[in-house]
Amino acid sequence: MTEVMEKKNNSIDTKVLPILPLKGTVVFPYLIVPLMIQDTEQTRLVDDALMKGSQIGMFLQKDTQIDNPQPDDLYHIGTSGNILKMLRFPDGTVRFLIQGLARIRIKKFVTQTPFLSAEVEEAKETFDNPIKIEALQRSLMERLKKMIDLVPNLSDEFQISAINQDTPSKLADYIASNMNIKVQQKQEILEELNVYKRMSRIYTMLNKEIEVLEISHKIQAKAASELGKSQRDYILREQLKAIKKELGYTDEKSEIEEFEKKIEEAHMSEAAEQAARKEVDRLSHMAPSSAEYTVSRTYLDWLVSLPWDKSTKDKLDLKKAKKTLDEDHYNLEKIKDRILEYLAVRKLKSDIKGPIICFVGPPGVGKTSLGKSIARAMGRKFARVSLGGMRDEAEIRGHRRTYIGAMPGRIIQLIKRCESNNPIIMLDEVDKIGSDFRGDPASALLEVLDPEQNDSFSDHYLEVAFDLSKVMFITTANWLEPIPAVLRDRMEIINLPGYTDIEKLAIAKRHLIPKQLANHGLSSKYLTFQDSAIKAIIDGYTREAGLRNLEREIASVIRKAARKVASGYKKKIIIGAKDISKLLGPVKFIREGLTRQGIIGVVPGLAYTAYGGELLFVEATYMVGKNNLMLTGHLGEVMKESAQAALSFIKSNIEELKISPAAFENKDIHIHVPSGAVPKDGPSAGITIVVALASLFTQRNVKPCLAMTGEITLRGQLLPIGGLKEKLLAAYRSGIKQVILPEENRKDTVELPSEIKKNVKLKFFAEVLPAVKYALESKNQHHNKAKSKR
């Protein structure tokens, strides 16, 4: 009888019910839920339902932000319920318990004031195969037990209540109401009228929740394990501190405090200070025994030891600076003027950026020693790094700290060593940098040697910017061509050509001899060199643009004198020209230009190499053959093309040169450049080859002590060449008295040493033909010489 009455009370066919909108809560049938309201209209609805003893309809709002929901703001499937108990509070809040009865569907709204009411009907549930439902119910209970085991705040009573649910529908609603899922998902379950589908959806949600809980447990277990290790390490460290204290090993300041103090004193840039403090914070949480601790500590050592704001004060007295430069180096006025100009501007404008200068010249002319002299004149620290053979970009930029044994690049290392942020850094042999799979150091230098970028140079190890704009970079090279164009563009090129014999004599007397006497424990009271002796060494034992071999030969003479003094010789030793051959042996070099004169088809030319200027002979001859042109002497492609152009020019000007057309018939022509093991290339030998061929086919000698250089065209123009000063120095050293040059090189003779201008006659030609005619002796001169030889 009671069961019949319960069904009667809970069933709804179609009736009008007051509608209570719900925010963030879904009420399921047969479940008792506490609710709270503050809205006046909703309070009136509850009061009215209690007075009449009627049911109410509860429907979820679609948007919780709406305070006065309209019919369209509610879901149309909800739950009917009875109010069991109500409490009022002084702040106007009403709390009540309500029991859900059945799923209902809104057919239409009847009123909207004073509260919503609607005509509703019961939403009938549907059932599938009872066996499938029974199987799914058992699976649900199994997964529910699994979830209860994983969630500590879910008691066993929850599982007991679930077991006591007498129908699959009630079980599904009970589990859904207690699961930690979104409100929209609960509404979807409420709207699902097929009991099997509703249970299936809840089963999927349970599986997902269990998976999340299992992963969460693993994470918590791992975190707890790591936390336990950290706590253990902390306790052991504290115990170690206590033991050290008992033994008397007490430090006034910890390593962390010491680093913090150094950071304050270093006056770093803002970014560097942030990086340093972050690293100190990391260091404070590490165990000193860990490998990472050592890496972090080394990094901090580098940061705090760099001279972020330490600078040496420049000596801005121009007279003293010039005196210092003159003491260390003879001549080189152009370079000295450039340094004095920089100091003058530095005196007027203190924040000028450091210049990027490149000294280019043959070995031994004093490029490296000049850098030291500039540093001494300016009062700056000096550091040098050789780039010759460097292939790893990390040598410049450093290694990243992820590598074992990582350290900053050479630039930062030199800055630290100098303990100043404005030293003079010499990058030696910049033309000999290599590149391979490890990177291209020349490309890494682009940032270092760019005044517009190097104020924020970033080393891979430091990973913070360091200002290099105050550094004065000086690079050296023997040869400009190997230097990449973009790198060459960033530098101010200053050429240091070789020295003349007079300059070498002065340098030897002023610098080389006093230096070597001091190195060998002697002084001028024991030994002196006559000028004639020094000239004999220069002329007969050295053939170079620089001074290294000269210094080596002088040292050899002084060693022999030192042996004599050490053996008890009391008198002062005076070295004259006659003594040199006894001390150094036979003459090593003779003036080749003077020994190979008067030979038809042999012409001296001038070449420019990385080691200075050289005298280069071109030999031409012919033989019976098939009109072939043979070129030997390890010639490059450009020089071979110059030879072909020279032959074409001779053939096209046979009338002017008075050469018979038959002279070329059935003849092979052979052009050879001696020193065949040495590679030779370049267009400047064009005029030399033309004169050699003209001498061969006209059977006329070249004028004595005459050399030449210049590029030719097929139309007979003589084009300008480079390395003029070096070539003329080589000509002068070889005893050449006249040199044929292109007209366009006349302007380059302004800076030639007066010694060359005085002793070497320069003849300028714009066209090849007049130059050839000038170079060859007349037939009468040639005939008279041949007659005198007979």
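This is a predicted model: local features need pLDDT of at least 70, side-chain atom pairs count only at pLDDT 80 or more; totals for chains, interfaces and linings use all residues.
Me: How many disulfides does the structure hold?

Reply: A disulfide is a covalent bond between the sulfur atoms of two cysteines. The structure holds zero disulfides.

Me: Which salt bridge does E125 make, and where do its two partners lie in the chain?

Reply: To call a pair a salt bridge, one looks for a side-chain nitrogen of Lys or Arg within 4 Å of a carboxyl oxygen of Asp or Glu. The side chain of E125 meets that of R103 in such a bridge, at 3.1 Å from N to O. This pair links distant parts of the chain, with E125 in the loop between β6 (117–122) and α3 (130–150) and R103 in strand β5 (residues 94–111), 22 residues apart. E125 counts as partly exposed because its relative accessibility is 26%, whereas R103, at 3%, counts as buried.

Me: What does K107 pair with?

Reply: K107 and E119 have side chains that meet in a salt bridge, with 3.9 Å from N to O. Here again distant parts of the chain are linked, as K107 belongs to strand β5 and E119 to strand β6, 12 residues apart. With a relative accessible area of 45%, K107 is partly exposed.

Me: Are R346 and D314, which also form a salt bridge, buried or exposed?

Reply: R346 is buried, and D314 is buried as well. Their side chains meet at 2.9 Å, N to O, and the pair joins helix α12 (residues 333–348), where R346 sits, to the loop between α10 (291–305) and α11 (318–328), which holds D314, 32 residues apart. Elsewhere, salt bridges that share partners join E279, R282, E292, R401 and E463 into one network. The count of salt bridges comes to 42.

Me: Which residues form a nonpolar patch on the surface?

Reply: I32, L84 and L97 form a nonpolar patch on the surface, and together they have about 250 Å² of accessible area. One of them, L97, has its place in strand β5 and is partly exposed, with a relative accessible area of 33%.

Me: Where does S734 lie, and what does its side chain reach?

Reply: S734 lies in the loop between α26 (724–733) and β23 (738–742). Its relative accessibility is 4%, so S734 counts as buried, and its side chain reaches the backbone oxygen of A730 at 3.0 Å.

Me: Turning to the whole chain, how many helices and strands are there, and why is the chain said to be more spread out than a compact globule?

Reply: The protein chain has 29 helices and 24 strands. Its radius of gyration is 50 Å, well over the 28 Å that the globule rule gives for 790 residues, so the chain is more spread out than a compact globule. Along the principal axes, the C-alpha atoms fill a box of roughly 160 × 85 × 50 Å, and buried residues make up 46% of the 790 residues.

Conventions: Residues are numbered from 1 along each chain as its sequence is written. Side-chain values use heavy atoms; hydrogens and water are left out. Helices (H or I, at least four residues) and strands (E, at least two) are DSSP runs, numbered from the N terminus. Buried means under 20% relative accessible area, exposed over 50%, partly exposed in between (1.4 Å probe, protein chains only). A polar contact is a pair of N or O atoms within 3.5 Å; within protein, one must be able to donate a hydrogen and the other to accept it, and residues adjacent in sequence count only if both atoms are side-chain atoms. A disulfide is a pair of cysteine sulfur atoms within 2.5 Å. Patches are made of residues with over 30% relative accessible area and no salt bridge: like charges are joined within 9 Å, nonpolar side chains (Val, Leu, Ile, Met, Phe, Trp, Tyr) within 5 Å. Accessible areas come from the Shrake-Rupley method with a 1.4 Å probe; for residues, only the protein chains shown count as cover. The radius of gyration is taken over C-alpha atoms; the globule rule is 2.2 Å times the number of residues to the power 0.38.
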